[in-house]
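These are my notebook entries on one structure. I looked up the strand pairing, the aromatic pairs and the relation of the copies.

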There are 2 protein chains.
Amino acid sequence: MKCKITFIGSGNIATNLAYAFDKAGHTIHQVVSTHESHAKELASKFGAYYGDSSSELYKDADFIVIAVSDEAYPQALTLVNAKCRAIVCHTSGSVSMNVLSSYPGDFGVIYPLQSLRKEEVKNVMQVPFFIEGNNANTLNKIKELADSISNKVSEVTSEQREKYHLAAVFANNFTNLMYSIAAEYLEKEGLNFDNLLPIIAETATRLKDDKPQAWQTGPAKRGDKVVIDKHIGMLDDPALKIIYKQLSEYITST
Amino acid sequence: MKCKITFIGSGNIATNLAYAFDKAGHTIHQVVSTHESHAKELASKFGAYYGDSSSELYKDADFIVIAVSDEAYPQALTLVNAKCRAIVCHTSGSVSMNVLSSYPGDFGVIYPLQSLRKEEVKNVMQVPFFIEGNNANTLNKIKELADSISNKVSEVTSEQREKYHLAAVFANNFTNLMYSIAAEYLEKEGLNFDNLLPIIAETATRLKDDKPQAWQTGPAKRGDKVVIDKHIGMLDDPALKIIYKQLSEYITST
């Protein structure tokens, strides 16, 4: 099944999905965005129509993919209406499928669990996609579409998707914060963050061999209060002292 | 220069260094450990002598590498004495070089900034090694030894090494804790942690392209209080609620 796909949104997710759908033989039909210039830029890659957030959507799309920030859903939804006939999908981790229920046609979710950015379009074949549909027939169609771009498609409820999203905040956002704290500290001390890249890569990639719980090491894990206190003393920022202390206590207590 | 190298300790670091030195053409001369069976196991890989913590060290070693836990240094140091003539090196991130100053001969540090384990011996050629010596001549000899197994050797003072070690606690120990929290949460909810492996790998490997500060995304970064409060509500463990809240506040404040 080759589909005509319209995007509302032209950011990181829209861009990566548009490239993936195009590569899989689908047609990128129309791109609309609050920033018409962004829509034009993405649409031009595929010879698609483009417009701003006052544009009318062409009626012959098979799918309308909404890829906007969570706050922008109400405005995006004003564009879709009974005349559309397309299956409307959103792409968010933390928004229930039912945010789309005002749409009189079929709808669902196609959510890629990956940190994507438009500056570096990635092959998404190994990216987990979590899908949902408002009925079995719609779900099948969304599955067929998702299967055309990823080998890791699974059906997940809105509630489960939100749980994955919460877990991803720890695994991605808070992990990146740990990197940032290390980088800023070393920079301030005139030392070179690049020296940490091998241990960062090792910490991440060895998870394929065992659960993270089995890999925990360091002063807190071995209950080395001397080193813990020394480290807390070496940090200037009171907020960082608290973070170091609390994460260490959590490790020690588990 | 090919050297005879004795190890005090037979754990993760000793094992990885022994394999690396052997591969570089040096001789693993003797391995002693509080657990003689562990010493024997490692020594047997290289036809080396072995013994327990009451053993006499052979006098013809060029280097004695102490690779024991920080607490075990006093006992390890009772084994080295004026008769040794070797350069004595320790391998720890958080211990000053001067812990070795009771040794009447030359001494220094050879510290690999990587999380190593004996169950999976790694090629250490890309591992940063931080070295230190009690005088210029000793430092040169330690540098020559370290250069034979790594392309990333740099001279670093004890104080700087401790700072790298503190940064590595964030980049490795606390990062792994974030993975563990995500894994335990998903496990409890009957969901599959493997779905996070692609985003974890992406989060780590993209650091070669830009600083972590440039990569920060998520609800806290965009000040999305609705999602933050929802996530805190979804966590049962009070300690995790506090950790989520504090890390989010730190992201929002920076």
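I took two strands as paired if DSSP finds at least two bridges between them. Helices (H or I, at least four residues) and strands (E, at least two) are DSSP runs, numbered from the N terminus.

The model is predicted: local features need pLDDT of at least 70, side-chain atom pairs count only at pLDDT 80 or more, and totals for chains, interfaces and linings use all residues. Residues are numbered from 1 along each chain as its sequence is written, chains are lettered from A and ligands numbered from 1 in the order in which they are written, and side-chain values use heavy atoms, with hydrogens and water left out.

**Entry 1: sheet**

I looked up strand β5 (residues 87-90) of chain B and found three bridges to the parallel strand β6 (residues 107-112) of chain B. Opposite Val88(B) stands Phe107(B) in β6(B). Both strands belong to an open, mixed sheet of eight strands in chain B, in the order β3-β2-β1-β4-β5-β6-β7-β8. Its edge strands are β3 and β8 (152-155) of chain B, each pairing on one side only.

**Entry 2: aromatic pairs**

I counted rings of Phe, Tyr and Trp (its six-membered ring) as a pair if their centres lie within 6.5 Å; planes under 30 degrees apart are stacked, over 60 edge-to-face and the rest tilted. Over all chains, the structure holds 16 aromatic pairs. One of them is the edge-to-face pair of Tyr19(B) and Phe46(B), with 5.0 Å centre to centre and 75 degrees between the planes. Tyr19(B) lies in helix α1 (residues 12-23) of chain B and Phe46(B) in the loop between α2 (36-44) and β3 (49-51) of chain B, so the pair ties together parts 27 residues apart in sequence.

For burial I used relative accessible area: buried is under 20%, exposed over 50%, partly exposed in between (1.4 Å probe, protein chains only). Tyr19(B) is partly exposed at 31%, whereas Phe46(B) counts as buried at 15%.

I then looked up Phe170(B) and Phe174(B), an edge-to-face pair at 5.1 Å centre to centre and 90 degrees between the planes. Both lie in helix α5 (residues 158-188) of chain B, four residues apart, about one turn of the helix. Both Phe170(B) and Phe174(B) are buried.

**Entry 3: the copies**
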